[in-house]
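Below is a short briefing on one protein chain. Keep the structure in view while reading, and find each residue as it is named.

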Amino acid sequence: MGSVETSSEPGGLGWNRQTATLVLLSFAMLIVSLDQYIVVVALPDIARDLGYSARTLQSVISAYAVASAGFLLFGGRAADLLGRRRVLVVGLALYAGAAFAGGLATVPGMLLAARAIQGLGGALVFPTTLALINTTFVEGRARNRALGIWGGSGAAGLVIGVLLGGVLTQAFGWEAVFFVNVALAGPALLLAFVAIPRDGKREKGRRFDLPGALSFSLGVTLIVFALVQGPGSGWLSPAILGSAVAGLLLIGAFFVIERRSSDPLMPPRLLANPNLVTGVVIAFMFMATFGSVLYFLSVYFQEVLGYDALRTGAAFLIPTAVVVAGSATAGQLVTRFGLRRTLAAALAVGALGAVAIGLAISPNGTYTGLVPGLLALSVGDGVVFTTMFIAAATGVPDRQQGIASGIASTGSGAGASVGLAVLVLVATAGLDGHSGERLRAATADGISTALYVVAGGIALTFAVALTRCPTPPTPPPSPVPHQPRRC
């Protein structure tokens, strides 16, 4: 699909087929984002019914993140070569089927397998929706506004998932957080045939590079698995060492394959795009920091403050509204102030918010005391989520938008897995040997420490945004073809 703008005003969206496509793609993005954390509030009930421990419970979230991180690049490449509508439909079908199986799970293994397949479906949907946005709207104001809506849906999905998870768990049990995905993904799958034009013929001379795609996907999956499971299983355990070594060997094989390929999975010119590289780094750090906070807040509300699932979900109403507003306006902010200024300001506000939340968390804390930090963190969350994908898409040709989206989303998926694993290790370091009131106090202290680490990670991301995303004093009137503009 070419980048043709037919809206009723310059840079506007107008109600036409483009807008209908944007609505569907934003809804699909909300669905896959929602599922990353919709199970968070249900985790205590899942642990009781299926027998998870405090240290293994995060695997319910990590199973999705690990599978998704490994196959995002595969999904982006498939979208470019096999057809974006086809890949979107297949991804939504996998997602819905796995969600149904997850709701029927009776043992931990069955639930983890369902979550992993859901992650695979999400890995097809995520980069495909991003590529379709970037090829439907021309680079600049129109694309920034469209990405603001798409990004708002994605960022909101992370928080809405926690809210919806609380309502569903309280009313129908933890199984409902899986079955609801069937009800959401099913209609989206059918509407894809109506809203998105039929895929054209495959471009001649382009190869899928299946050996490269599989070696990279499996390599990343094994490395992320080792990083996620290493703290609990022991870094020197045979399974962790074997996974890490096999993953590194596969990544090495990937680079050998790419060097010999006539149509490489990751073209060297694409990797030379400074905006894409910056977007990937920030996407990794974003999900490792901002993206992990929801997990710890949910644990704090339930295990320390004693909230039930419904009240925990309601506690995320304020962050949800702020995240949606921040992400939806991010495109306009980038158009007006530029990428560097927008990113730096949002990251600075987010870091202050994480510090404020860390200070407010205590065994006797209150929700009111968290509100200032929640507001600041949510502003940063919403704006950065959209802005990092605007950066990653800048200067990328239409024919490579799928693989560029896959590269950027791989960064976010890997960050989600690695960040949560590291922060869980930090938060649970002092829990051994405690019970009752001492356990509650130690849990609060651990979560507070994790929030300070999050603030440090956001500050590091701030430094990356300042040094890697410079804004030229006078942007060129017309970019040189195939030469990416600086941020």
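A cavity is a set of grid points where a 1.4 Å probe fits but cannot get out. By that rule, the structure holds three cavities of 30 Å³ or more. The model is predicted.

**The chain as a whole**

- The chain has 17 helices and zero strands.
- It is 487 residues long, and 59% of these residues count as buried.
- Among contacts with a separation of 6 or more, 84% are between residues 24 or more positions apart.
- The accessible surface of the chain is about 18,600 Å², and carbon and sulfur atoms make up 68% of that area.

**The nonpolar core**

- In soluble globular proteins, nonpolar side chains tend to be buried together.
- In this model, the largest nonpolar core contains 137 residues.
- The residues with the most contacts inside that core are L111, W150, F296 and F301.
- Helix α11, which covers residues 274–304, gives the most to this core, namely 14 residues.
- Beyond its neighbours up to four places away in sequence, F296 touches L420, L423, V424, A427, I447 and A450.

**The largest cavity**

- The largest cavity holds about 150 Å³ of space.
- Its lining is made of 16 residues, and those nearest the centre are Q36, Y64, S68, F126 and S412.
- Four helices each supply at least two residues of this lining: α1 (17–37), α3 (59–82), α5 (108–136) and α16 (401–427).
- By class, the lining of the largest cavity has 10 nonpolar residues, six polar residues and no charged ones.

**The second largest cavity**

- The second largest cavity holds about 90 Å³ of space.
- The residues that line it include V159, F290, F316, P319, S378 and D381.
- Helices α11, α13 (317–337) and α15 (367–393) each supply at least two residues of the lining of this second cavity.
- Its lining has 10 nonpolar residues, one polar residue and one charged residue.

**Q118**

- Q118 is placed in helix α5, one of the helices that supply at least two residues to the lining of the largest cavity.
- Is Q118 buried or exposed? Q118 counts as buried because its relative accessible area is 0%, and the cut-off for buried is under 20%.
- Leaving out neighbours within four places in sequence, Q118 is in contact with D35, Y64, Y95, A98, A99, F178 and N181.
- One of these contacts, Y64, is among the residues nearest the centre of the largest cavity.

**T386 and G148**

- T386 lies in helix α15, while G148 is found in helix α6, residues 141–172.
- T386 has a relative accessibility of 1% and so counts as buried.
- G148 has a relative accessibility of 0%, so it also counts as buried.
- Which residues does T386 touch, not counting those up to four places away in sequence? They are L147, G148, G151, G152, S327, A330 and G331.
- G148 and F385 are 237 residues apart in sequence, but their C-alpha atoms are 9.2 Å apart in space.

Definitions and conventions
Residues numbered from 1 in each chain as written. Predicted model: local features only at pLDDT ≥ 70, side-chain atom pairs only at ≥ 80, totals over all residues. Heavy atoms only, no water. Buried < 20%, exposed > 50% of the residue type's maximum accessible area, 1.4 Å probe, protein only. Contact = heavy atoms within 4.5 Å. Areas by Shrake-Rupley, 256 points an atom, 1.4 Å probe, with all protein chains shown as cover. Core = buried A, V, L, I, M, F, W, Y, C linked by side-chain atoms within 4.5 Å. 1 Å grid on protein atoms, 1.4 Å probe; cavity = no way out; pocket = protein on both sides within 12 Å on 5 of 7 lines; lining within 4 Å. Points joined across faces, edges and corners; volume = space filled by probe spheres on them. Nonpolar A, V, L, I, M, F, W, Y, C, P; charged D, E, K, R; others polar.
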